[in-house]
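This report describes the surface, the overall form and selected local features of one protein model. The sequence and structure are shown first.

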Amino acid sequence: MNIHILTLFPDFFKGFLESSILARAIKRGIVNIRIVNIRDFAFDKHRSCDDYTYGGGPGMVLKPEPVSRALESVKKGNERVIYTTPSGKLFNQEMAEELSRESDLIILCGRYEGVDQRIIDMYVTDEVSIGDYILSGGEIAAEVIVDSTVRVVKGVINDVSLKEESLENGLLEYPQYTRPEVFRENRVPPVLLSGNHEEIRKWRLRKSIEKTLRVRPEIIERRKREGKLPEEILEIVREIKSKGVNNETDKGN
Ligand code: SAM
């Protein structure tokens, strides 16, 4: 997979590309990430990339000329061009999985008040927001998109780890424990030490459902509407709801 990130702040990505899963995926040649400095495509005397907004108003806007040149320097065909913006579609795990199947991606990081609309009209296929808040620039959003996308690219981490994660099956993850068995008088739930795989599976599923109902009930409602909840989950949902979703259920025991 080839990812081009267009930014005015290339240094932002230094540590990011050198750490952990991403660094390994790059080293193994599964993903190739190139950071493109938009300023390298500004040819006026001051290499300026922003200008005042037409119609008045605060802040500056990214100029179309350097951005279009930067885009055209990496564009090969009809690959997806993502523009990071708080007014885009809300990013989620489903989108990360969809993007992980692309062979080429271009991500344009906005700055200031954003980019000239003509760039969006001419090149952008997806406007993506990582949440309902305003960042100072698109770099952090690009990192979020790249990190969550690359880790689900086939071969980057093992399939078992992915299947067990929050949102992979539409539910938040169950609680995790490691040694010691007793930490400051708090015990690991006995079922996890039982060696009974079926009991452990059922306990984890129940914990996942309890947490999702309490913290993100809309996920369960949406998946119910979409007909994506198996009967086993629906039954547990009904049972928990009949007893009342309380605040104690996050604890392992
Ligand atoms: N004036 C813009 C607006 O209200 O939509 C906000 C501009 S923001 C200060 C600067 C840049 O940060 C944006 O162009 C965008 O690239 C990025 N950005 C800010 N919040 C974001 C978010 N929630 N998701 C994705 N990108 C974001």
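## Surface and model basis

The protein exposes about 14,900 Å², and carbon and sulfur atoms supply 50% of that area. Accessible areas come from the Shrake-Rupley method with a 1.4 Å probe, and for residues only the protein chains shown count as cover. Of the 253 residues, 42% count as buried; buried means under 20% relative accessible area, exposed means over 50%, and partly exposed lies in between (1.4 Å probe, protein chains only).

The model is predicted, so that local features need pLDDT of at least 70 and side-chain atom pairs count only at pLDDT 80 or more, whereas totals for chains, interfaces and linings use all residues. Residues are numbered from 1 along each chain as its sequence is written, and side-chain values use heavy atoms, with hydrogens and water left out.

## Overall form and domains

The protein contains ten helices and nine strands; helices (H or I, at least four residues) and strands (E, at least two) are DSSP runs, numbered from the N terminus. Its radius of gyration is 23 Å, well over the 18 Å that the globule rule gives for 253 residues, so the protein is more spread out than a compact globule. The radius is taken over C-alpha atoms, and the globule rule is 2.2 Å times the number of residues to the power 0.38. Along the principal axes, the C-alpha atoms fill a box of roughly 70 × 40 × 40 Å.

Two domains are assigned: domain 1 (2–158) and domain 2 (166–243). Their bounds come from an automatic or database domain assignment. The centres of domain 1 and domain 2, taken over C-alpha atoms, are separated by 36 Å. Among contacts between residues at least 6 apart in sequence, 76% join residues at least 24 apart, where contact means heavy atoms within 4.5 Å.

## A nonpolar patch and a buried serine

Phe9, Phe12, Tyr112, Tyr133, Leu135, Ile140 and Val144 form a nonpolar patch on the surface, with about 580 Å² of accessible area together. Patches are made of residues with over 30% relative accessible area and no salt bridge; like charges are joined within 9 Å, and nonpolar side chains (Val, Leu, Ile, Met, Phe, Trp, Tyr) within 5 Å. One of the patch members, Tyr133, lies in the loop between strand 7 (126–129) and helix 6 (139–150). Tyr133 is partly exposed, with a relative accessible area of 44%.

Ser68, in helix 3 (residues 64–74), counts as buried at 16% relative accessibility. Apart from neighbours within four places in sequence, Ser68 is in contact with Ile119 and Tyr123.

## Salt bridges

Side chains of opposite charge can pair when their charged atoms come close. The count comes to 25 salt bridges, a salt bridge being a side-chain nitrogen of Lys or Arg within 4 Å of a carboxyl oxygen of Asp or Glu. Glu231 and Arg238 meet in one of these, at 2.6 Å from N to O. Glu231 is partly exposed, with a relative accessible area of 45%, and Arg238 is also partly exposed, at 47%. Salt bridges that share partners join Arg206, Lys207, Glu210, Glu239 and Lys243 into one network.

Glu226 pairs with Lys228, the closest N and O atoms being 3.4 Å apart. Glu226 is partly exposed at 39% relative accessibility, as is Lys228 at 41%. Arg187 forms a salt bridge with Glu181, with the closest N and O atoms 3.5 Å apart; Glu181 is partly exposed, with a relative accessible area of 41%.

## Loops and backbone features

A cis peptide bond joins Arg179 and Pro180, with omega about 10°. Pro180 lies in the loop between helix 7 (159–163) and strand 8 (182–183). Glu185 lies in the loop between strand 8 and strand 9 (186–187). Its phi is near 75°, a positive value in a residue other than glycine, and Glu185 is exposed, with a relative accessible area of 76%.

Arg47 also has a positive phi, near 50°. Arg47 is placed in the loop between strand 2 (32–37) and strand 3 (50–52) and counts as partly exposed at 38% relative accessibility. Arg101, in the loop between helix 4 (93–100) and strand 6 (104–108), counts as exposed at 67%. Arg101 and Gln117 are 16 residues apart in sequence and 28 Å apart in space, C-alpha to C-alpha.
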